Amino acid sequence: METASAVAPRPNGDAASGAARDAILAAARGEFSAKGLKGARVNEIAARAGANKQLIYYYFGSKEALYRAALESVYAEIRAQERLLHLRDLDPADAMAALIGFSFDYLAQHPEFIGLLNHENALGAAHARGSAAIRDTNSPLIDLIARTLRRGVAAGKFRRGIDPVELYISIAGMSYFFFSNRLTLQAIFDRNLAHPKAVSAYRQHVVALAMAGLRP
């Protein structure tokens, strides 16, 4: 495990400090997504962030702690963007369709999220399992899905008995598999799944299929 070898220079000012930390996290997400915890190097993360290597240790303490922070940050980001959808203010069917579409779009726009999750699963989810921040970040989403389902049932738009966690796994799984396995799927089916029309068509398919499963 890489650890600090010298005293880190203290950043000047809160704004500069926040910007440097954000740049390190963004660089770490990219490096860890591509190479995993074992393959990524602190020197490469520092170079990518345009930051002094010792700042990484100043903010995070170790490479493993930086990896955990990067993993937590991607979960925090997607949950923060979901809150901007204001699903509670929408008709339950519109809210669910918006959430499904957003989940697909986020993965399309953030391949580093997929890479990080792939590597974390290969590690046995040790860091996700040990992170209270990740659990606390995801709990409100499941509660929101449960509330939306109840509103949909009351309005006669959703069937009863849908488990919110199972629904979330289904929604995430359809989108995640498409992006995480796109290269092998392209090779098997001889179809360009990276073409914008193919991505748009599959997005429509995911939303339509998930919504059909909710109906009474």
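On a 1 Å grid over the protein atoms alone, a cavity is a set of points where a 1.4 Å probe fits but cannot get out, and lining residues have an atom within 4 Å of a point. Points are joined across faces, edges and corners, and a volume is the space filled by probe spheres set on them.

This is a predicted model, where local features need pLDDT of at least 70, side-chain atom pairs need pLDDT 80 or more, and totals for chains, interfaces and linings use all residues. Residues are numbered from 1 along each chain as its sequence is written, and side-chain values use heavy atoms, with hydrogens and water left out.

**Spaces inside**

The largest cavity has a volume of about 40 Å³. Its lining is made of Leu87, Ala95, Met96, Leu99, Leu144, Ile145 and Thr148. Helix 5 and helix 8 each bring at least two of the lining residues (helices are DSSP runs of H or I, at least four residues, numbered from the N terminus).

Then there's the largest pocket, a pocket being an open set of points with protein on both sides within 12 Å along at least five of seven lines. The largest pocket has a volume of about 560 Å³. It is lined by 20 residues, with Tyr75, Arg79, Leu117, Asn138 and Tyr168 nearest its centre.

**Arg29**

Arg29 sits in helix 1 (residues 14–39). Arg29 counts as buried because its relative accessible area is 11% (buried is under 20%, exposed over 50%, partly exposed in between, with a 1.4 Å probe and protein chains only). Its side chain makes a polar contact of 3.2 Å with that of Glu112; such a contact is a pair of N or O atoms within 3.5 Å, one able to donate a hydrogen and the other to accept it, and residues adjacent in sequence count only if both atoms are side-chain atoms.

**Rings**

Aromatic pairs number 11, with ring centres of Phe, Tyr or Trp (its six-membered ring) within 6.5 Å, and planes under 30 degrees apart called stacked, over 60 edge-to-face and the rest tilted. Tyr59 and Phe60 are edge-to-face, at 6.3 Å and 65 degrees. Phe102 and Tyr106 are tilted, at 5.9 Å and 45 degrees. Ring pairs also link Tyr75, Phe102, Tyr106 and Phe113 into a cluster.
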